[in-house]
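Hi everyone, thanks for coming. Please take a look at the structure on the screen, and then I'll walk you through it.

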Amino acid sequence: MDRAELSITVHRTGDEAVLRLAGEIDMLTAAQLSTVVNEVLADPPPRIVLDLGGVTFCDSQGLGTLVVLSRKASHAQSLLILSNVGDFLLRVLDITGLRSALMIRNETAL
């Protein structure tokens, strides 16, 4: 079995930091995502956008990490926004009841 890979690129503007994620968010990569978001929160912008357009998989550890990071951002007076959330992840968020706990902004929403 291949090791899960997650690449994260960060682009900061005045009002937001956009983190483009590609790969899998799971028990092997969730800590990497937490580390990058925590680094951004060291000097928190008003908005942190997680662009999930390149995410191919997210397990329960990944979901939990998204919720924890959303709360951390809130405590830092920042807003964590998920964008380009794929259909598979939207379904998982609906099934688990987590969709209402996370802010989702899909430019290509129905």
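**Two helices side by side**

Let's start with a pair of helices: H1 (residues 30-41) and H2 pack with their axes 10 Å apart, at an angle of about 10°. Axes here are lines fitted to C-alpha atoms, for helices over the stretch in contact, and angles run from 0 to 180 degrees between N-to-C directions. With that angle, H1 is roughly parallel to H2; the rule is that under 35 degrees counts as roughly parallel, over 145 as roughly antiparallel, 65 to 115 as roughly perpendicular and the rest as oblique.

Before I go further, a word on what you're seeing. This is a predicted model, where local features need pLDDT of at least 70 and side-chain atom pairs count only at pLDDT 80 or more, while totals for chains, interfaces and linings use all residues. Residues are numbered from 1 along each chain as its sequence is written, and side-chain values use heavy atoms, with hydrogens and water left out. And when I say helix or strand, I mean DSSP runs numbered from the N terminus: H or I with at least four residues for helices, E with at least two for strands.

So who touches whom? On the H1 side, the contact is made by Ala 30, Leu 33, Ser 34, Val 37, Asn 38 and Leu 41, and on the H2 side by Gln 61, Thr 65, Leu 66, Leu 69, Lys 72 and Ala 73. Contact means heavy atoms within 4.5 Å. Sort the residues of this contact by type and you get seven nonpolar, four polar and one charged. For that sorting, Ala, Val, Leu, Ile, Met, Phe, Trp, Tyr, Cys and Pro count as nonpolar, Asp, Glu, Lys and Arg as charged, and the others, Gly among them, as polar.

**The sheet**

Now the strands. Five of them form an open sheet, in the order E1-E2-E3-E4-E5, with mixed pairing. E1 and E5 stand at the edges with a single partner strand each, so one side of each has no neighbour in the sheet. From one strand to the next, the twist averages 25°.

Let's walk across. Two strands pair if DSSP finds at least two bridges between them. E1 (residues 6-12) and E2 (residues 16-25) pair in the antiparallel sense over seven bridges, and they form a hairpin with three residues between them. Thr 9 has Arg 20 in E2 as its bridge partner. Next, E2 and E3 pair in the parallel sense over nine bridges, and Gly 23 stands opposite Val 55 in E3.

Our two helices come back here. H1 packs on the sheet, touching E1, E2 and E3, and its direction makes about 10° with that of E1. H2 packs on the sheet too, touching E2, E3 and E4, with its direction at about 140° to that of E4.

Carry on to E3 (residues 47-58), which pairs with E4 in the parallel sense over five bridges. E3, H2 (residues 60-75) and E4 make a right-handed β-α-β unit. Right-handed means that, with the strands pointing away from the viewer, the path from the first strand over the helix to the second runs clockwise. Then E4 runs parallel to E5 (residues 103-105), joined by three bridges. The chain gets from E4 to E5 through H3 (residues 87-96), in another β-α-β crossover that is right-handed.

**Zooming in**

Is Leu 50 buried or exposed? Leu 50 counts as buried because its relative accessibility is 0%; buried means under 20% relative accessible area, exposed over 50%, and partly exposed in between, with a 1.4 Å probe and protein chains only. Leu 50 lies in E3 and stands opposite Leu 82 in E4. Leaving out residues up to four places away in sequence, Leu 50 touches several others, including Leu 33 and Val 37. E4 (residues 79-83) is mostly covered as well, with four of its five residues buried.

Gln 77 is in the loop between H2 and E4, and its phi is near 65°, a positive value in a residue other than glycine. Gln 77 counts as exposed, at 69% relative accessibility. Asn 84 sits in the loop between E4 and H3, with phi near 50°, also positive in a residue other than glycine. Asn 84 is partly exposed, with a relative accessible area of 27%.
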